[in-house]
Amino acid sequence: MRVAEFLILNPEFPHSIRFSVDRVNAALHLIGDLTQRAAKLPTRIAGRLRAQISYSQIEEIIAEGVHTYLQNVRKDCKDIHAAINEIYFDYPIEAEIAS
């Protein structure tokens with residue numbers, strides 16, 4: 001149980017999920033501030049994931065099932081990836097030329 005808590009919830013260990021999600025959230029806010037593209041969707045999804053992990057207790061994670069919990073985290077990461085791709089990489093060039 002202690003190992004799972006350390007690897008999932010530790011905010012200072014660079015390989016923990018919480019540390020990584022905190023960094024993704026901070027990076028998305030910075031990118032959103034530096035660009036003119038609307039980054040609301042990935043920022044919202046990352047913020048929701050960050051809040052979920054920040055307020056999770058290892059006892060709740062164990063009760064839910066670590067595998068299920070990690071699958072949900074993975075799904076949110078996929079959603080963040082898809083939103084970033086859509087907003088920053090997969091947009092019609094005509095829309096940018098017109099603006």
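This is a predicted model: local features need pLDDT of at least 70, side-chain atom pairs count only at pLDDT 80 or more; totals for chains, interfaces and linings use all residues.
How many Å should the 15 residues of helix α3 span, and how far apart are its end C-alpha atoms?

1. Helix α3 runs over residues 40–54, and at 1.5 Å a residue its 15 residues should span 21 Å. The end C-alpha atoms are 20 Å apart, which agrees with that expectation.

2. Now see which way α3 faces. Pro42, Thr43, Ile45, Ala46, Leu49 and Ile53 are buried. They cover an arc of only 165° around the axis, which puts them on the same side of α3. Turn to the face pointing away from that buried side and you'll find Lys40 and Arg44, which are exposed. As for what covers the buried residues, the list includes α1 (2–9), α2 (17–34) and α5 (66–89).

3. Next, the core. The largest nonpolar core has 14 residues, and the members that touch the most others are Leu9, Leu49, Ile53, Ile61, Tyr69 and Ile80. Helices α1, α2, α3, α4 (58–64) and α5 each supply at least two residues of this core.

4. Leaving aside neighbours within four places in sequence, Tyr69 is in contact with Ile8, Gln52, Ile53, Ser56, Ile61 and Glu64. Ser56, one of those partners, sits in the loop between α3 and α4. Is Ser56 buried or exposed? Ser56 is buried, because its relative accessible area is 12% and the cut-off for buried is under 20%. A polar atom of the Ser56 side chain lies 2.6 Å from the backbone oxygen of Gln52. With neighbours up to four places away set aside, Ser56 also has Leu9, Ile61 and Tyr69 as contacts.

5. Then have a look at Asp22, in helix α2. With a relative accessible area of 13%, Asp22 is buried. Not counting residues up to four places away in sequence, Asp22 touches Pro11 and Arg50. Asp22 forms a salt bridge with Arg50, and the closest N and O atoms are 2.9 Å apart. Asp22 lies in α2 and Arg50 in α3, so the pair ties together parts that are 28 residues apart in sequence.

6. Arg50 itself is partly exposed, at 36% relative accessible area. Apart from neighbours within four places in sequence, Arg50 is in contact with Val21, Asp22 and Asn25. The C-alpha atoms of Arg50 and Arg18 are separated by 7.1 Å, although these residues are 32 apart along the chain.

7. Asp22 has another salt bridge, this one with Arg18, where the closest N and O atoms are 4.0 Å apart. Arg18 and Asp22 are four residues apart in helix α2, so about one helical turn separates them. Arg18 is partly exposed, with a relative accessible area of 22%.

8. The structure holds five salt bridges. One more to check is Asp76 with Arg48, whose closest N and O atoms are 4.0 Å apart. This pair links distant parts of the chain, with Asp76 in helix α5 and Arg48 in helix α3, 28 residues apart. Asp76 is buried at 9% relative accessible area, whereas Arg48 is partly exposed at 42%. Finally, salt bridges that share partners join Arg18, Asp22 and Arg50 into one network.

Technical notes
Residues are numbered from 1 along each chain as its sequence is written. Side-chain values use heavy atoms; hydrogens and water are left out. The expected span of a helix is 1.5 Å times one less than its number of residues. Buried means under 20% relative accessible area, exposed over 50%, partly exposed in between (1.4 Å probe, protein chains only). The arc is that of the directions from the helix axis to the C-beta atoms. Contact means heavy atoms within 4.5 Å. A nonpolar core is a set of buried Ala, Val, Leu, Ile, Met, Phe, Trp, Tyr and Cys residues joined through side-chain atoms within 4.5 Å. A polar contact is a pair of N or O atoms within 3.5 Å; within protein, one must be able to donate a hydrogen and the other to accept it, and residues adjacent in sequence count only if both atoms are side-chain atoms. A salt bridge is a side-chain nitrogen of Lys or Arg within 4 Å of a carboxyl oxygen of Asp or Glu.
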